[in-house]
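Open the model in your viewer and keep the selection tool at hand. This tour moves from the whole chain to single residues.

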Amino acid sequence: MLKRYLPILTWIGEYNRHILGADLVAAVIVTIMLIPQSLAYALLAGLPAQVGLYASILPLVAYAIFGTSRTLSVGPVAVVSLMTAAAASQIASPGSDAYVETTILLALMSGAVLIAMGILRLGMIANFLSHPVISGFVTASGLIIAASQLKHILGIQAHGDDLLTLLSSLASHIADIHWPTLFIGSFALIFLFWSRSFLKPLLLETKLSARSADLLSKTSPVVVVALTTAVTWLGGLDSAGVRIVGAIDAGLPALQIPSLPGEAWRELLMSAVLISIVGFVESVSMAQTLASKRRQRISPDQELIGLGAANVTSSFSGGFPVTGGFSRSVVNYDAGAQTPAAGAFTAVGIAIAALLLTPLIYFLPKATLAATIIVAVLGLVDFQALKRTWDYSRSDFAAMSATLVLTLVDGVETGIMAGVGLSVLLYLYRTSRPHSAVVGRLPGTEHFRNVERFQVETDPAVLTLRVDESLYFANARYLEDRIYELVAQQPKLRHLVLMCPAVNLIDASALESLEAINQRLSDSGVQLHLSEVKGPVMDMLKRTHFLQDLTGKVFLSQYEAWKQLHGEAACHVSTPRITTVP
């Protein structure tokens, strides 16, 4: 039980010098990468740059204690930062003390929601966000984030929480472009895009190992930060109007317990829930991917607690909502991190940066941070997913495109809520019309297949309907109508067998429908039988009177039902309508 809630106990006993060395190397590399990222994502969230550092210290330590992934790197991420800005700006003006307090409260509430979900073992809630919905939401969020940072690249004013408002605002101020800022921002963008595609091959030519070249190429944001900071300082570009980070309070954040104003938490509750769910889905998918590569496992329910603890400690240290980051986690994995202690060591590195390095980034241009954000989030944009989803499933494409469009035109909260709603509605629609097939026996075998796809043996007096879905309130009536329609088409019918290999559940509504079917078929002189009923379903049926009232039998296999019920004289071979799909 202790290890269930304190996963650190599962690996701390195995810790040794070899693991320590690997974790320290990974921590150094991730620290170098995380410093500019944390500054940039604080800017995206509308917060002072140092808040990004604050959100990258205690949360990493908390996750190392309570998280189950050995390689997940927790901290500020783009999508959650955007959602934080959208939620907090409804309560206070960006840049104000009230705004900072709102983001701190949001981190506390998100952490509380995650911990509560973990204690209640609601990790399965991630299943309600389908991959097409998440893909559409992330693509739209990436476009909104990139558009929101163009004002820093161009050195102009712009505002808006959706793409249309942002583009309109940018267009109205396009004549105010600040050319030195544009030069800095353009250089940073070009360098970052170039390094992403060409730096690794260049390093490989110097005889570096593939792993070393890959890791060094991922630290290019640090290089562009150093270059543009030096140019701004030496050229006095801040005096020419280039916006810089400016003075940052050196030192570690003061620990505090966020206050809970009566109205604020009510207004932020839905936003906190959405941030929690989106952050959890993004984090747990990354954690599972990395864990599978090492044949490790994570616990989604404990991940909720781990991420919740990270967010609560972020609020205590003056930070904002955090979650597992994709690019940092990949770098942490590739750098050889063996345990979550690598994250704790990274926190030490960030703390040292907060203590000693803040004077060095006084002249860091905001345009450079904006370029870092744009390059990072454009990697999340995946328009090819739209085509792939269209080719495979039109209903999933509808959910994906609706989420994308609504996020773009009405903001992130509307988009994700619409996506979740559409996912649930599409699931209900699909399962309310479950696939079923009249099946017959493949000649000379014990196998039964769809009469419309194979040449099979059938019997006019015996009809077998295979149900390929669990039976519940949404599809019970549909099954009734399907059976009555089939019975009406076969006047010689004497036995109807419901073949149930895919039925995992029969709820109370479906049970009532089965009872009605049984009674109505009995009045028509037709017996109702069941075959291949799963054990848990049979256990539920045994607790009712349905089996006693059943006019037919329950068969272990469909072949057994066929042997007992069909008449050899009436047997004939059907002609399939489709022969290519089993």
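Among contacts in the protein between residues at least 6 apart in sequence, what percentage join residues at least 24 apart? The figure is 80%, where contact means heavy atoms within 4.5 Å.

This is a predicted model, in which local features need pLDDT of at least 70, side-chain atom pairs count only at pLDDT 80 or more, and totals for chains, interfaces and linings use all residues. Residues are numbered from 1 along each chain as its sequence is written, and side-chain values use heavy atoms, leaving out hydrogens and water.

**The whole chain**

Show the C-alpha trace. Along its principal axes the trace spans about 100 × 60 × 60 Å. Now switch to cartoon. The protein has 24 helices and 10 strands; these are DSSP runs numbered from the N terminus, helices being H or I of at least four residues and strands E of at least two. Of the 582 residues, 54% are buried. Buried means under 20% relative accessible area, with exposed over 50% and partly exposed in between (1.4 Å probe, protein chains only).

**The cores**

Select Leu-39, Met-83 and Phe-137. These residues have the most contacts inside the largest nonpolar core, which has 109 residues. Such a core is a set of buried Ala, Val, Leu, Ile, Met, Phe, Trp, Tyr and Cys residues joined through side-chain atoms within 4.5 Å. Helix H12 (residues 262–293) gives the largest share of this core, 14 residues. Apart from this core lies another, of 34 residues, including Ile-483, Leu-511, Ile-517 and Val-526.

Go back to Leu-39. Leaving aside residues up to four places away in sequence, Leu-39 touches Ala-49, Leu-53, Ile-361, Leu-364 and Leu-369.

**H2 against H16**

Select residues 17–44, helix H2, and residues 366–378, helix H16. Their axes come within 9 Å and cross at roughly 95 degrees. Axes are lines fitted to C-alpha atoms, for helices over the stretch in contact, and angles run from 0 to 180 degrees between N-to-C directions. H2 and H16 are therefore roughly perpendicular to each other. Angles of 65 to 115 degrees count as roughly perpendicular, under 35 as roughly parallel, over 145 as roughly antiparallel and the rest as oblique.

Show side chains. Pro-36, Leu-39, Ala-40, Tyr-41, Leu-43 and Leu-44 of H2 meet Lys-366, Leu-369, Ala-370, Ile-373 and Ala-376 of H16. By class, this contact has 10 nonpolar, no polar and 1 charged residues. Here Ala, Val, Leu, Ile, Met, Phe, Trp, Tyr, Cys and Pro count as nonpolar, Asp, Glu, Lys and Arg as charged, and the others, Gly among them, as polar.

**Ala-42**

Stay in helix H2 and pick Ala-42. Is Ala-42 buried or exposed? With a relative accessible area of 0%, Ala-42 is buried. Among the residues that Ala-42 touches, not counting those up to four places away in sequence, are Leu-47, Val-51 and Phe-320.

**H4 against H13**

Next, select helix H4 (residues 58–66) and helix H13 (residues 300–316). They pack at an angle of about 155 degrees, with their axes 8 Å apart. That makes H4 roughly antiparallel to H13. The contact includes Tyr-63 and Phe-66 of H4, and Ile-305 and Ser-314 of H13. Its residues divide into 9 nonpolar, 4 polar and 1 charged.

End at Ser-314. This residue of helix H13 counts as buried at 0% relative accessibility. Ser-314 touches Ala-55, Pro-59, Gly-319, Phe-320 and Val-322, residues up to four places away in sequence not counted.
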